[in-house]
Amino acid sequence: MNTKDCRIYEEKGRRIVRGLGGYPAQEQKDLRALVRFSAETYADKPGFRFRAKDGGVDTRTYRRFAQDIDGLGTALLAHGLAGSRIAIISENRYEWSVAFFAAVNGTGVAVPLDKYLPKNELANLLRRGQATVLFFSPAYLDMVRDIAQSGESPVRHFICLDALPEGSKVGDAPISDIHEWIREGREALAAGDRRFVDVPIDPEALSILLFTSGTTSLSKGVMLCHRNITANLASIHACIHLDTNDVHLSLLPLHHTFENTIGQMLMIQSGACIAYCEGIKHVADNIREFGVTVLVAVPAILEAIYRQVQAGIDKSGKRRLLEAFMRLSDLLRKVGIDIRRTLFKSVFAKLGPGLRLAVSGAAALDPAVIRGFDRLGLEIYQGYGLTETSPVVAANNDFVNVFGSIGHPVKDVEVTIDNPDDNGMGEILTRGRNIMLGYYENEAATREVIDEDGWFHTGDLGTIDKDGFIRITGRAKSMIVLANGKKAFPEEFEFLL
């Protein structure tokens with residue numbers, strides 16, 4: 001059976017839905033190839049924009065991005081750091097991305113850390129991850145100093161993402177400036193040092209170590225490789241069109257795979273410009289100032305924006321007029337005429353004239369918000385994924401968008417329901433090349449979630465309808481079975497509250 005961008009079939013008694021995509025898939029062999037592709041294809045196009053220290057806007061091209069990565073990677077190898085675990089803790093910024101790719105594209109293993117970690121948990125994860133290099137922003141200087149002075153950290157190189165006063169130290173170790181390392185590496189490259197740019201990359205080897213949320217004793221380390229990420233990028237690229245005209249506002253933390261894969265790497269592959277948000281209070285201003293066209297966000301952000309839009313409409317006194325326009329627009333769309341952006345131009349003038357698409361994940365988004373934005377002319381695609389799946393499993397997209405569902409699996413990813421009940425509900429299982437290598441130093445936990453047929457057990461409950469659309473109903477471990485046998489979920493009560 002073919003249903004637009006998915007195929008439904010049976011295997012070993014399981015009903016499986018597999019994503020097909022709608023655009024030609026474009027997969028890079030590894031993340032170094034991704035960076036080189038963008039540098040060659042988009043060259044001097046602005047790839048990154050951010051607030052400069054003088055209050056203006058600074059820009060980095062895709063060519064400069066690749067050169068900075070190669071410079072930093074060359075310096076890291078020149079300092080004998082091949083095979084090292086390289087931790088990063090910082091707010092979203094251009095240097096975060098340079099450090100990340102320099103780590104994974106020929107040096108060692110990147111260990112992105114939660115920017116909200118308290119000092120004791122940061123110290124524990126540095127030990128668990130065996131990090132010998134730490135990239136950090138100035139906001140973490142005092143914390144990093146305390147960890148270094150404790151003498152319990154495995155870190156030997158402390159590299160700040162900004163320039164600090166000369167002579168700054170953490171314990172007995174001097175603090176380096178990432179820009180000094182980049183300059184050193186670029187000089188070595190110019191002199192013929194190709195140890196970084198030519199080092200072989202194994203796309204199947206551990207390259208990214210991500211710790212899940214929770215206390216350090218309970219958090220799991222998710223091990224990902226280049227193939228996991230590039231396969232997932234190709235899957236998403238086949239479902240959602242982005243191009244060099246797009247500007248993405250990077251506001252979710254980059255240590256999350258949702259932002260790292262979609263908000264960073266998909267944009268790099270597509271040639272979109274990444275603009276770094278100055279903070280949650282500045283989202284609305286940044287959308288307008290940077291000319292943002294695409295948002296990757298969580299429901300709380302989109303719901304807050306929707307409330308602001310509705311409040312603005314009420315304040316304007318034009319609620320009745322806009323509702324009349326919506327009814328007219330709804331009728332015209334039924335006959336293939338779409339004039340939403342013209343009718344609601346005044347709304348987008350305040351929201352962001354170029355904003356055309358938002359991708360939502362991490363939790364359920366109220367269908368009323370999706371429907372409300374859709375009537376105004378802003379597409380919202382709700383998706384689903386996990387750190388262990390690199391992360392995207394399924395998403396509404398350019399070809400299908402059913403409000404209240406998480407759409408179809410993305411291209412080449414399979415989803416099935418394990419032991420469905422009479423209502424078709426059971427645990428969601430998924431399979432594909434995006435599935436993690438396993439949990440770090442925890443084979444037992446890995447065997448619990450990945451079975452012998454390669455199915456990853458998500459722990460989420462859901463259903464798949466006759467057309468392949470997936471709906472999440474709750475978490476398996478939090479399900480409540482009432483005395484009459486009815487199943488209820490805390491998520492439902494949370495939504496009502």
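At roughly what angle do the axes of helix H3 and helix H8 cross, and within what distance do they come? In this predicted model, the axes of H3 (residues 94-104) and H8 (residues 257-270) come within 13 Å and cross at roughly 85 degrees.

**How helices meet**

- Two packed helices can be described with a pair of values: the angle between their axes and the distance between those axes.
- Angles of 65 to 115 degrees count as roughly perpendicular, so H3 and H8 are roughly perpendicular to each other.
- On the H3 side of this contact you can look for Trp 96, Ser 97, Phe 100 and Phe 101, which meet Asn 260, Gln 264, Met 265 and Ile 268 of H8.
- Sorted by type, the residues where H3 touches H8 are five nonpolar and three polar, with no charged ones.
- Now turn to helices H1 and H7, whose axes come within 9 Å and cross at roughly 45 degrees.
- H1 and H7 are therefore oblique to each other.
- Leu 31, Arg 32 and Leu 34 are the H1 residues in this contact, and their partners in H7 are His 226, Ile 229, Thr 230 and Leu 233.
- The contact of H1 with H7 has four nonpolar residues, two polar and one charged.

- How many cavities of 30 Å³ or more does a search of the whole structure find? There is one.
- The largest cavity holds about 50 Å³ of space.
- To find the largest cavity, look for its lining: Arg 32, Val 35, Arg 36, Ala 66, Ile 69, Asp 70, Asn 105 and Phe 196.
- Helix H1 (31-42) and helix H2 (62-78) each give at least two residues to that lining.
- By type, the lining of the largest cavity has four nonpolar residues, one polar and three charged.
- The lining of the second largest pocket divides into 13 nonpolar, four polar and 10 charged residues.

**Salt bridges**

- The structure holds 35 salt bridges.
- One of them joins Arg 227 to Glu 204, and the closest N and O atoms of the pair are 2.0 Å apart.
- Arg 227 sits in helix H7 (residues 226-237), while Glu 204 is in the loop between helix H6 (178-190) and strand E12 (206-211), so this pair ties together parts that are 23 residues apart in sequence.

**Backbone details**

- Which peptide bond is cis, with omega near 0 degrees? The bond from Ser 390 to Pro 391 is.
- You can find Pro 391 in the loop between strand E18 (379-385) and strand E19 (392-395).
- Lys 12 has a phi near 50 degrees, which is a positive value in a residue other than glycine.
- Lys 12 also belongs to a loop, the one between strand E2 (6-11) and strand E3 (14-19).

Note on methods. Residues are numbered from 1 along each chain as its sequence is written. This is a predicted model: local features need pLDDT of at least 70, side-chain atom pairs count only at pLDDT 80 or more; totals for chains, interfaces and linings use all residues. Side-chain values use heavy atoms; hydrogens and water are left out. Axes are lines fitted to C-alpha atoms, for helices over the stretch in contact, and angles run from 0 to 180 degrees between N-to-C directions. Helices (H or I, at least four residues) and strands (E, at least two) are DSSP runs, numbered from the N terminus. Angles under 35 degrees count as roughly parallel, over 145 as roughly antiparallel, 65 to 115 as roughly perpendicular and the rest as oblique. Contact means heavy atoms within 4.5 Å. Ala, Val, Leu, Ile, Met, Phe, Trp, Tyr, Cys and Pro count as nonpolar, Asp, Glu, Lys and Arg as charged, and the others, Gly among them, as polar. On a 1 Å grid over the protein atoms alone, a cavity is a set of points where a 1.4 Å probe fits but cannot get out, and a pocket is an open set with protein on both sides within 12 Å along at least five of seven lines; lining residues have an atom within 4 Å of a point. Grid points are joined across faces, edges and corners, and a volume is the space filled by probe spheres set on the points. A salt bridge is a side-chain nitrogen of Lys or Arg within 4 Å of a carboxyl oxygen of Asp or Glu.
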